Amino acid sequence: MSDWSKVTRPIPVPNEWTKPFWDAAKRGVLELQRCQSCGHFQHPPYATCVKCMGIDLKFEAVRGGGAIYAYTIMYHTGDKRFAAAVPYASIIVELDAAPGALLAGNLLDAPYTQAKVGRRVEVVFEPLNDDITLPQFRLLDAAPAGQT
Amino acid sequence: MWENRCKVAISGVGFSKVTRSAEIPLAAHALEAVKGAVADSGLAMSDIDGLATYPELPATGHAEIDGITIVSVNCMMAMLKLPNLTWHIQVGTTNIGGAVQQAVNALLAGVCKYAVVWRAMHNPKGTYQNLPGGQAAGAAQFTAPYGFGGPGQGMAVAYTRWLERNGQDRTKMATLALTQRRHTQHNPHAFFYGVPLTREDYLKSRMVAYPFCLYDCDIPVQGAVAVVLTTADRARDLKPTPAYLAGYGQRLYFEVAGRIGSLSSYMEGGSSSAKLTWERSGFTPKDVDVAQIYDGFSASVIYGLESYGFCREGEALDFIQDGRIELDGELPLNTFGGSLGTGRIHGLWHIIEGALQASGRAGTRQVKDANVSFVGASAPIVTGTTFIFVGEPY
């Protein structure tokens, strides 16, 4: 299992578009930008709705269940901030409630070998400091017996 | 079909020495390549009246210092002091293929007669992706905290999706790496010229960002390449056999910055660019005699082969097997070694090889009777451009 204890994650810097996302994460809630015209959820946040060009966008809570859309296992230690955790899984998750919105995360509490496209995950929250909490993911279903 | 097909040609080509890291300023590499291309055409430097490049430094976290880590149009103007210069441009929405296309447009518009396009690539000292600092701003705020660093990881995530959705096996990519490395042995300008690679080397090599092992990634180098473009009638009066441009395209698709892992961004980008190129040239993938497809990371070749229409989605790793991409195969591919063989110089070298193959100037790696020569000059995503060159104008 990847050891994240010695990793120094860069701290997200919220901006005018993204602040509600991080404010919600701090409360342990996943909120995504939603177009008030067509109902489309999108992530990362953007100036307009990428589906209908609507400009009335609000952040709304979504359920944190989804599936691994894609992933990579990082072995390279060039980024010294993350070198202590290699190999580790960086994953992309598509939420059930927001098809097309892709969230990055790490696969926590499981060996990196458990990362597979399509596996069910749920959001968990990892506080980085007093201001920023990271949405992260862990597997919903336990690993099959005998696998690590 | 495009009314301007075969009205512009690539004439001379030039190469600098390619070294692992910076031994001399990058400007000296660019100058060597440009001088080489002009001399190859049999022109004098004073004949050159158009300049274009894409000067981006893809290594993140390093300063852009003109002449040292990038070579801008201004830098080239200051070096060459061209007495007859009439036109220049730097592009941004495409990689170097866009600079070539702008030079084509300028030649067609009659605002210059002989344009030089170069691509100069720097390899910084230390870590290529220099990612220090405790903060992640902009699009990176959603990726960097999770250890998404360089572009390799961005492409690797889409590759796992491609592999697992299609029930494919990454070890099949060994064929691409080996075949291209064999092609490299016919290209004395390439970084890996004289360095063989075996299937065992590939299969045993260390992982970088799964599914990419070391030999799926082009090696960062310092070097430059350049071409002379001119109108077809002028090209016929020059020393080299012209490679006529039959058609080109650029990607017409963009997903919001920071959205990574999406396969559709590659497929839509590639198919939109290729569609323009097929329509303008009148050719189809079946007509292509030889192809260069950008391979900075090996998976780019998959997305290229599939989105350009050479094979169906999910089939590219099978398509490259059984000798199909050898010099005498059905679709000889990356015949100069690709970026995996030359080192990371981006897509101008692919364009150069496309032109050399079309004009019969590729030496010992020349594909027999090659006429229709296809180029995908960078990853289909974001910066993609495509070209077809022919030896016989029509």
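Helices (H or I, at least four residues) and strands (E, at least two) are DSSP runs, numbered from the N terminus. The structure is a predicted model, in which local features need pLDDT of at least 70, side-chain atom pairs count only at pLDDT 80 or more, and totals for chains, interfaces and linings use all residues. Residues are numbered from 1 along each chain as its sequence is written, and chains are lettered from A and ligands numbered from 1 in the order in which they are written.

The model has an ipTM of 0.94 and a pTM of 0.96.

A:Val7 counts as partly exposed because it has 18 C-beta neighbours inside 10 Å; the class lies between buried (20 or more other C-beta atoms within 10 Å) and exposed (12 or fewer), with C-beta atoms placed from the backbone. Leaving out residues up to four places away in sequence, A:Val7 touches A:Arg81, A:Phe82, A:Ala84 and A:Ala85, contact being defined as C-beta atoms, placed from the backbone, within 7 Å. The C-alpha atoms of A:Val7 and A:Arg27 are 23 Å apart, at a sequence separation of 20 residues.

Chain B contains an open sheet of nine strands with mixed pairing, ordered E3-E2-E4-E8-E1-E9-E12-E11-E10; strands pair if DSSP finds at least two bridges between them. Its edge strands, E3 (87–90) and E10 (290–293) of chain B, each pair on one side only. Within the sheet, strands E4 (residues 114–121) and E8 (residues 223–231) of chain B run antiparallel and are joined by eight bridges, with B:Tyr114 opposite B:Thr230.

Methods:
Two residues are in contact if their C-beta atoms, placed from the backbone, lie within 7 Å.
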